[in-house]
Amino acid sequence: MTTTTSPIIARTRPASRTVGGTSRRRQRALGVAAAVAANSLLYLVGRAAGVDFTLTDPGATQAHPLILPEIAVFSLVFGLLGWGALTLLERFTRHARAVWSGLAGTVLAASFVPVFIEQATGDTRLMLCVLHVVVAVALLPMLRHQAGAAAR
């Protein structure tokens, strides 16, 4: 009987790619956190300036005043969805950056539709549009940074 041995090769997980000394995951988490913090601050500034942030569905009789936790949670949810979409795209395509940018632009444009379907004051509509753009501005540079490198 012949016995053969082979060396044991340790499989290690590759180190997290860094972006300027900061891991990509941390960079993206900071982008999501920046979107939430900026929108929360803008909401508070808008409330202090007299914006009522009250929406009424067409055909409904009761208005719904938006509150700070709703603003923060929506910003967080859409930030995390953007991050997740980018991560999936990096895993399955070589063109993650371009696809994600197009997807993000489309989602931003579509996000304005409900703002104008709901009944609201002009100030509320303006502030909601600003809040939507702020999420995009906070996420685009931080989530797109070197997105294409992972799929190569």
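Predicted model: local features only at pLDDT ≥ 70, side-chain atom pairs only at ≥ 80, totals over all residues.
Modeller: Residues are numbered from 1 along each chain as its sequence is written, and side-chain values use heavy atoms, leaving out hydrogens and water.

Colleague: Why are α1 and α2 called roughly antiparallel?

Modeller: The axes of α1 (residues 24-48) and α2 (residues 68-92) cross at roughly 155° and come within 9 Å. Angles over 145 degrees count as roughly antiparallel, under 35 as roughly parallel, 65 to 115 as roughly perpendicular and the rest as oblique. The two helices are therefore roughly antiparallel to each other.

Colleague: Which residues make the contact?

Modeller: With contact meaning heavy atoms within 4.5 Å, those of α1 include Val32, Val36 and Tyr43, and those of α2 include Leu76, Leu80 and Trp83. The contact residues divide into 13 nonpolar, five polar and four charged.

Colleague: What makes Val51 buried?

Modeller: Its relative accessible area is 10%. Buried means under 20%, exposed over 50% and partly exposed in between, with a 1.4 Å probe and protein chains only, so Val51 is buried.

Colleague: Where is Val51, and which residues does Val51 touch?

Modeller: Val51 lies in the loop between α1 and β3 (54-55). Not counting residues up to four places away in sequence, Val51 touches Gly46, Asp123, Thr124 and Met127. Gly46 is itself among the buried residues of α1.

Terms used
Axes fitted to C-alpha atoms, helices over the stretch in contact; angles between N-to-C directions. Helix = DSSP H or I, 4+ residues; strand = E, 2+ residues; numbered from the N terminus. Nonpolar A, V, L, I, M, F, W, Y, C, P; charged D, E, K, R; others polar.
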